[in-house]
Amino acid sequence: MSGEVFFIGSVTCFFMGALVAVIMKENSRINNLFSHLFALAGSLAAAASACVVYATGQGWEIGLPFSVWQEEAMFRLDHLGAFFLFMTGVGGAAVSLYAIGYCRSYMRRRLWLLTGLYNVFLLSLVLVFSAQHALLFLLAWEVMALSSCLLVNHEYEEAGVSQAAYLYFAMTQAGTAFIVMAFFSLAAASGSMDFSLLNGAFLTEGERNFVFLCALIGFGAKGGLMPLHIWLPRAHPAAPSHISALMSGVMLKTAVYGMLRMSLQFLPSGPLWWGELMVAVGLISLLLGILYAFLEKDLKRLLAYSSVENVGLIFFTIGVGLLFSSKGDWAAAQFAWTAALCHALNHSLFKTLAFLGVGAVYQATHSKDADQLGGLIKKMPYTAVFFLISVMALAALPPLNGFWGEWLIFQAVLQLGPVLGGMVGKLISALLIAGLGMAGVFAAACFVEAFGISFLAKARSKGADEAKEVALTMRAGQGVLALCCVGAAVFPQFVIQNAAAALPAGVLVWSGDMSLFSAALPNGYSIDSRWLIASLFAGLVLSLGLARLGGKEKQTPGETWTCGIVPDRQMEYTASGFSQAAKRAFRRVVHPHEEQLINQSPHRYHGQKLSYEIRLHYLFSTQIYEPLQRRLVEAAQIMKQIQGGSVQVYVGYIFVVTIAVLLWSAR
């Protein structure tokens, strides 16, 4: 079957899923099953459409029976769009399977609206990656923004949810305004809004810089780059967990896709400062993002800040590629951009898996607070294994896919010194490597905290103590993504080759030579790494078999010896305590934070029951957004005084303005 057929089938399935949600509004059970099955089928069809492009080496296009701005409207899928469409299909399929079990808790909470918007959201993602006309792209982009905003606001009865949705809506609309300016500036100069005809060569140098800055601000706001990230750590915890998984794993990649289209296809060969700006913004985002993630005890906010870090790392790597291209080293530039695409795919897999794991924990314990969890590895063994795979990949630990993806990025940055030249170039390369290393250390500590405190030791709440493993479909959805993470680790060359082929043809045509990438891969990931992984797996199976044949030793369960003291949950590390040293070491960055120790017992001298609370004040919120909010409120108060409600005063305003305009025109 051709890619066009799969694409039409995907769109049809999502449309049918939304239609079933409305028709079966009163029958929640059928609604839940069939809406998500249609979403599953649509996602698989989208992935198949992308696979056809890579299998045949040719894209496809579908013309629509109407014109847009006197041009033929069409959807077209090239290699870059197919790369991200495949990401959408895999993530959407796993999440849809997971959602069948997860959404049973929403049977009496507007399930039809949740499933309908879910299908619309997936449809919009597919259209964003396949639209080849600026107006169609912006229309799909706006549908994606509105549907995801409504999904974030689905549990509006909960405290803070509506505020999070409103902030997300405001930030995404502000970003869209900049994206519109970028596209319309290109279209005005090119005389067309078709992606194949948009060309920055018709712009002056100042106009090119304006378009690039608009694109960086617009797509940066969507991706969660600092300081435009403030919506992300609020919207992700507010949304249902399977929606958070799609937003972080797939939706944030629309920003990466848009920035790659803009900087590599529409505005190729930019000046050096474009790369420097993207590197700086990306470095700030990845360092502060992972620091704030480490300080969080809410697991969904932790993962949200981790997404800020990873999107920052992707934009950082794109910026490194722009530095190479500005110096004329196109081979190194292609290497950097390929590394960025590889990390984008890897992040899509393991971050979606991590959010699904947290969703399973929340459904089983009714808590996202790591301080209220513990001991879940015995209660939820499958979820524990899947979540461990995701956090190991997030921490870039070998042998999982997160490791070699970041390894490629390190290799790209190491090439910066010779390309930039001189001592300054070597110093910059060394400082960037040090920054990446610091982020890696915090990532490891962050996810040791996330898994260890949530799943190990003893349960610290009734919910954690009574937790049970989640439904089979939820485990299956996590299992699919876990296998994908392992598969991408076993066959990294396959991912690298397809990522390199996804780059726009105008940048550099992929030759199929893997020597540059093979040299950058660590020894454990040579072309025969599959045999290494297979032998390790065979050894594990063999050892388990020998252990069973040898019989089991008699075991006597008992408490851990702690000098005669019976260990209890009061003796465990909490997430707040685990990150306390980092709070103090980086107090100027976290500045300021409040700590409060409260005695909840009415007696002063005995029976004390202490509770420790900490409140973080985030740097950009305290230094930028809160002062800006105060200025806006003050300006609104002034405008309120001007708008007194008197018709005579309003007529006077019009009279004064009319006189001023007449005097100006007669000058």
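Predicted model: local features only at pLDDT ≥ 70, side-chain atom pairs only at ≥ 80, totals over all residues.
Local features need pLDDT of at least 70 and side-chain atom pairs count only at pLDDT 80 or more, while totals for chains, interfaces and linings use all residues. Residues are numbered from 1 along each chain as its sequence is written, and side-chain values use heavy atoms, with hydrogens and water left out.

Rings of Phe, Tyr and Trp (its six-membered ring) pair if their centres lie within 6.5 Å; planes under 30 degrees apart count as stacked, over 60 as edge-to-face and the rest as tilted. The count by this rule is 27 aromatic pairs. Two of them are set out below.

| Pair | Centre to centre | Angle between planes | Class |
|---|---|---|---|
| F84 and F129 | 5.6 Å | 25° | stacked |
| Y168 and W231 | 4.8 Å | 35° | tilted |

F84 belongs to helix α3 (residues 79–102) and F129 to helix α4 (residues 111–130), 45 residues apart, and their pair links distant parts of the chain. Helices here are DSSP runs (H or I, at least four residues), numbered from the N terminus. Y168 is in helix α6 (residues 161–190) and W231 in the loop between α7 (205–223) and α8 (232–238), so this pair ties together parts 63 residues apart in sequence.

Buried means under 20% relative accessible area (1.4 Å probe, protein chains only). F84 is buried at 0%, and F129 is buried at 0%. Y168 is buried at 1%, as is W231 at 1%.

Elsewhere, ring pairs join F137, W141, F183, F195, F219 and F266 into a cluster. K368 lies over the face of Y362, 5.7 Å from the ring centre; a charge sits over a ring if NZ of Lys or CZ of Arg is within 6 Å of the ring centre and within 35 degrees of the ring normal.

Methods. Helix = DSSP H or I, 4+ residues; strand = E, 2+ residues; numbered from the N terminus. Buried < 20%, exposed > 50% of the residue type's maximum accessible area, 1.4 Å probe, protein only.
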